[in-house]
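This report covers selected helix packing and strand pairing. The structure is shown first, and the description follows.

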Amino acid sequence: MSLEETKARLLAANDTAEELLSQVNDLYVEETRSEEKVLKDALTQLHNAGEIDLIKLVRGVDKSFSGHDFFKILHVFENVLPSLDASIEDVLRCLLHLTQQAGRDLAIGGVYRAFQHFCSVEAHRPRDSVEFILAQTDLSQYAPFLSSSILAYDSNCVTDAIQTAENLIANKNEMVRSQAYFILGRLDVGEDQANVIWELLSGSGERESGCCASVIRATISFGDAFPSYWPRIEEFLLIFVEDSPPEVLYEISNIVAFMRVELPEGVLRLLLKQFANVSTEHKGIIDNINHILVNLVGKGEFPQALKLLESILTAGVKFPQLAYFSSELLSKHQKLLNHIVTKWFLSGDPSLCHSISDLLHDFTDKHVELKAEMALLGDKVKQIFVSHKAVGWLFTCPVVAASFILSIYETASRSTRKELEQILYDPLLLSYPGELKRFFQSCIDIGFQEHPYELLLGKLQAYHSDIDKVSGLKELMAPRENISAYWKESDKNMQAAYENASRGSIIDLIATRQTLLYGNSSIYYIHQGDGEQVRQEMQMQSFSHSTEMPRLNVLDPESLDYILRVYRCERMKNEVNS
């Protein structure tokens, strides 16, 4: 479609604002499928000629109106704004309306860039914009546009821009000061003005969380532009970020996770240290830490990642809150996973050992096989100790626990092997004769370490043979009423666990529960547009799921519970508190 045709369609729809907005919406959609891009020029020419008032039109946009898509209109306006002839006052009032309509939607970010471009077209606009904003009664609403205004200063007026930002720092309004610090970190200045900006940033005595966050971000941006200042920046941040409130911690986490700046090791270590006391309630901070951990591991910075991980887990964060990092660790970083598991089991720290259980619990179906890092296990005491921890904390993941212990078995001494065989046999193999027997047999089939597997399976077979010999003795059989009472109690506990686990389930949010007393089908009705109801019948389908319960939990629950508690709680014998 030609420029003139587009202009004609716009003028033809100019009777009402709703009709014109709908036409702009339709033309935008058509243009996305065409190689010709004339809508911007058509709107610019019609507005600048006074035939339509685009600013007034957009200022009346209602996000809830169904005749057009709000974000399509927003995108069109962003493209056209820099080329419009309009007063600063009208443009700012229009942009304020758009930001209020968009709410917290991130798509509104383009408005600020478009306004900066608009201000840069004429030299007087940045100053006029700042004057107008500061003259407003409701300053906080207009304050976000200050950065766009000052960053639009011509490159020959950098000194004026710095002076304007310095004046804003003295303002009583927190949002205005926050914008001023943000500007200082973004100004394109030379070495001569760099020291002036550094003095303004480092001399900040801010305590308001919003301003502190802006100072930190500006300081990091400044360091990226002027690397020679990094030692001074580290010195400054050491005091400035101490005991930061959650709002500032969130900004720090956002900077480290997503800001494209190569931070010096000292600065990075300082910022990461701030997360040691993060609260489990601060979901936004934890989500950002999730990305930080993935980034650190991806760059091979394992010590930094491990130190950060240990600090937040000790503070109460759980692995389920770090789903992204957990997935990356289990699928791509087996060597690091082995190091973490070995190190944490060796530490005996209950919170870290419990974290291993949390990490591996939901991934047992993926057959994660652990290998101990033998460089950390120099003697028999340590090897037996971490094997006990593996059984205690990974008891419900028998293959994972067994693979970890068997990796120690490969290089262990003869006396250590004897103890490891006993640990594998009791309580692991006796509790999970099905799953572990299949695992051991698969290892035998591929010719891997046949001796321990055959030995363990032989002991299991002998154990079952002894049970078969005495299974018919009435003196050893429990009374029927005891068996009945046991299974009733077990069913009651399972039902309570099911109800507790399903409470708050997503199924309850998307579906209605129904209890079927009899029959093999469910009847429901579909409501049609004309009010009629159509009867539908759905045949019920059967499904099943099985899992192996630990056999010793039935045969000797007290002894099993005792040994697992011992394995979990025991400490190294050479420790002071042993």
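In this predicted model, helix 19 meets helix 22 through Glu310, Leu313 and Thr314 on the helix 19 side, and through Ser351, Leu352 and Ser355 on the helix 22 side. By class, the residues of this contact are 2 nonpolar, 3 polar and 1 charged. Helix 19 spans residues 302–314 and helix 22 spans residues 350–361; their axes come within 9 Å and cross at roughly 100°. Because angles of 65 to 115 degrees count as roughly perpendicular, helix 19 is roughly perpendicular to helix 22.

Helix 6 contributes Ile88, Glu89, Leu92 and Arg93 to the contact, while helix 8 contributes Arg125, Asp128, Ser129, Phe132 and Ile133. The residues of the contact between helix 6 and helix 8 comprise 4 nonpolar, 1 polar and 4 charged.

| Helix pair | Axes | Angle |
|---|---|---|
| helix 19 and helix 22 | within 9 Å | roughly 100° |

Strand pairing is the remaining topic. Strand 1 (residues 521–527) and strand 2 (residues 533–539) run antiparallel and are joined by 7 bridges. Ile526 has Val534 in strand 2 as its bridge partner. The hairpin of strand 1 and strand 2 has 5 residues between the strands, and Gly531 in this hairpin takes a positive phi near 95°.

Note on methods: Residues are numbered from 1 along each chain as its sequence is written. This is a predicted model: local features need pLDDT of at least 70, side-chain atom pairs count only at pLDDT 80 or more; totals for chains, interfaces and linings use all residues. Side-chain values use heavy atoms; hydrogens and water are left out. Axes are lines fitted to C-alpha atoms, for helices over the stretch in contact, and angles run from 0 to 180 degrees between N-to-C directions. Helices (H or I, at least four residues) and strands (E, at least two) are DSSP runs, numbered from the N terminus. Angles under 35 degrees count as roughly parallel, over 145 as roughly antiparallel, 65 to 115 as roughly perpendicular and the rest as oblique. Contact means heavy atoms within 4.5 Å. Ala, Val, Leu, Ile, Met, Phe, Trp, Tyr, Cys and Pro count as nonpolar, Asp, Glu, Lys and Arg as charged, and the others, Gly among them, as polar. Two strands pair if DSSP finds at least two bridges between them.
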